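Biologist: Could you put the model up so that we can go through it together? I would like to jump between topics as they occur to me.

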Amino acid sequence: MSDPKDFVAVLDSDARKTPRRIAFITKRTSPQVRVKDEDRVMTYPEAFFRAAVAIGVLAIALVVTSLLWNAPLEGLANPMHTPNPAKAPWYFLGLQELLHYFPPVVAGVLIPGLVVMALIVIPYFNINVEAEGLWLRDKAKRMRIFGVVVVIFCFFLAVFDVWVALVPTIIVAAFMLLAARTAPQTAQGFRLWLVQKPLSFWIMTWFLVELFVLTAIGTFFRGPGWSWVLPWRA
Amino acid sequence: MANALNHLVEQVRENRVWRSIFRSGTGESNLHRALFVQQNVFLHLFSVKARKRTLEFSATWYLGALTFGTFLILVITGILLMLYYHPSVPQAYADMKDLQFVVSSGVFLRNLHRWSAHAMVFLVFAHMFKVFYRGAYRPPREFNWVIGVVLLLVTLLLSYTGYLLPWDQLAYWAVTVGSNIASAVPVMGSKIRFLMLGGTAVNANALLRFYVLHCVILPFAAVLFIAVHFWRIRKDGGIYAGEPATEVKSE
């Protein structure tokens with residue numbers, strides 16, 4: 001190295017707000033100051049006040065709801081008399097809908113277990129952390145994997161007659177194809193937004209759509225013997 | 001009037017007894033505001049300062065705070081409901097009828113607990129998806145995400161155990177459907193179901209178990225994990241503020 005000094009000293013501080021910082025940066029690294037000191041506010045009162053207002057508004061909404069609508073209460077529990085249909089709480093009706101197609105060990109144990117595992121490991125995969133657009137690299141290879149996975153999965157759903165899960169899968173896959181067919185350099189608006197989405201976004205969105213669709217069907221569109229009904233005819 | 005009130009408040013805060021409890025003292029300086037948070041065992045889960053961007057509505061939609069709000073409402077209404085409830089068959093159902101016809105505001109109390117419970121389940125899911133789509137789960141916040149998943153499960157279990165307590169047809173059969181799923185676990189399914197229900201069918205033992213889980217074990221777990229969840233926000237560098245928006249300077 002021609003420069004006798006091995007480091008430079010940088011001052012980056014607002015001494016009135018925060019203590020002075022002196023950074024010694026050696027020539028061997030390539031430092032970047034990505035953010036200057038941000039505007040900060042005191043947690044008390046600013047953040048607590050906002051939280052209190054939010055919780056207050058929610059409490060009022062819940063009190064009004066409670067004054068207007070009564071919680072359901074049916075007759076005394078009777079093990080001799082099974083209502084038809086017997087439904088789980090609404091947040092489990094997506095699973096109960098799957099129970100209609102798959103054996104209990106799949107719908108009741110395997111699928112929820114996999115969902116919980118998948119949720120836990122999300123932040124531990126670098127592909128999720130870097131969050132690079134799915135189709136921005138290795139497009140041909142990824143397209144082959146995508147095609148094989150989607151076809152096998154759709155075939156699997158079709159074999160078990162799970163049309164209610166197959167349709168959302170096809171819709172999400174269609175949006176993924178739309179993203180793949182978008183040129184990142186010239187895209188604008190919605191399609192630019194799509195093309196930047198990483199794999200984790202697509203999987204989570206698929207999960208969200210399935211969760212919503214299956215729960216809604218189980219809650220509103222299932223009647224006696226788990227047959228189709230229209231909610232306004234019930 | 002307002003002046004006199006302020007004067008009174010100041011006098012209380014300067015009082016020896018008050019000062020022995022709240023040491024941050026009087027005053028409006030940022031130091032006092034910082035001490036207010038830092039010297040309180042509960043509030044010091046939070047950092048003293050927050051980035052302004054993270055407090056905007058668009059950053060979080062306040063979904064975490066709202067979830068915690070429903071939890072507070074549920075604790076308060078839940079304790080009040082416990083005063084009128086016996087976890088026994090068929091008295092549990094008779095207590096529902098008493099809430100309806102005998103207890104002052106009993107119906108309102110039960111309604112508020114029920115609707116808040118539904119709201120909490122919904123808000124927990126909404127909070128999770130919001131955190132995911134912002135990318136706030138990424139390091140260094142990955143472990144707080146895991147604690148969040150645990151809290152999601154605790155919330156679902158709280159709601160599910162509470163579902164049985166009214167001991168009406170809705171409760172009984174919803175829990176029967178759920179517990180049958182537990183028996184589908186390979187090898188030890190029926191054992192798990194037996195442990196869960198305290199018997200081979202949903203009966204008085206199951207009601208008592210669900211009551212203890214609902215009123216003691218799960219709320220305790222929830223409080224514990226909520227505390228860690230909040231504390232980790234501070235330890236992981238505050239609420240996620242999004243991608244750095246300011247200019248990039250490179251040397």
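**Working through the model**

Modeller: This is a predicted model, and a place to begin is Leu208(B), which counts as partly exposed because it has 15 C-beta neighbours inside 10 Å.

Biologist: Where is Leu208(B) found?

Modeller: Leu208(B) sits in helix α11 of chain B, which covers residues 204-235. Leu197(B) is eleven residues away from Leu208(B) in sequence, and the C-alpha atoms of the two are 8.9 Å apart in space.

Biologist: Let's move to the contact between the chains. How many residues does it take from chain B and from chain A?

Modeller: Chain B gives 70 residues to the contact and chain A gives 61 residues. On the side of chain B that touches chain A, the elements that give two or more residues include α3 (30-38), α5 (63-82), α8 (142-164) and α9 (169-182) of chain B. The largest share of that side comes from α7(B), with twelve residues.

Biologist: And by class, what does that side of chain B have?

Modeller: The side of chain B that touches chain A has 45 nonpolar residues, along with 13 polar and twelve charged ones.

Biologist: Which strands pair across the two chains, and in which sense, parallel or antiparallel?

Modeller: Strand β4 of chain A, residues 40-42, pairs with β1(B) in the antiparallel sense, and three bridges connect them. In this pairing Met42(A) has Lys49(B) of β1(B) as its bridge partner.

Biologist: What about helices, say α1 of chain A and α5(B)?

Modeller: Helix α1 of chain A, residues 43-68, and α5(B) have axes that come within 9 Å and cross at roughly 55°, and the two helices are therefore oblique to each other. The crossing of α1(A) and α5(B) is right-handed.

Biologist: Which residues meet there?

Modeller: From α1(A) there are Ala51(A), Ala54(A), Ile55(A), Leu58(A), Ala59(A) and Leu62(A), and they meet Ala65(B), Leu66(B), Gly69(B), Thr70(B) and Ile73(B) of α5(B). By class, this contact of α1(A) with α5(B) has nine nonpolar and two polar residues, and no charged residues.

Biologist: Now within chain B, how do α8(B) and α9(B) pack?

Modeller: The axes of α8(B) and α9(B) are 7 Å apart, and the helices pack at an angle of about 135°, which makes α8(B) oblique to α9(B). Tyr160(B), Tyr163(B) and Leu164(B) of α8(B) meet Ala171(B), Ala174(B), Val175(B) and Gly178(B) of α9(B). The contact of α8(B) with α9(B) has six nonpolar residues, one polar and no charged residues.

Biologist: Switching to chain A, what does its secondary structure come to?

Modeller: Chain A has eight helices and four strands, and from the N terminus on its elements run β-β-β-β-α-α-α-α-α-α-α-α. Of its 234 residues, 17% count as buried.

Biologist: Where are the cis peptide bonds you have in each chain?

Modeller: In chain A, a cis peptide bond joins Asn84(A) and Pro85(A), with omega about 0°, and Pro85(A) lies in the loop between α1 and α2 of that chain. In chain B, Val89(B) and Pro90(B) are joined by a cis peptide bond with omega about -5°, and Pro90(B) has its place in the loop between α5 and α6 of chain B.

Biologist: Last one: is Asp138(A) buried or exposed?

Modeller: Asp138(A) counts as exposed because it has 11 C-beta neighbours inside 10 Å, and it is found in the loop between α4 and α5 of chain A. Although it is not a glycine, Asp138(A) has a positive phi of about 50°.

Conventions:
Residues numbered from 1 in each chain as written. Chains lettered and ligands numbered in written order. Predicted model: local features only at pLDDT ≥ 70, side-chain atom pairs only at ≥ 80, totals over all residues. Contact = placed C-beta atoms within 7 Å. Nonpolar A, V, L, I, M, F, W, Y, C, P; charged D, E, K, R; others polar. Pairing = 2+ DSSP bridges. Axes fitted to C-alpha atoms, helices over the stretch in contact; angles between N-to-C directions. Parallel < 35°, antiparallel > 145°, perpendicular 65-115°, else oblique. Left-handed = near helix turned anticlockwise from the far one by under 90°. Buried ≥ 20, exposed ≤ 12 C-beta atoms within 10 Å, placed from the backbone.
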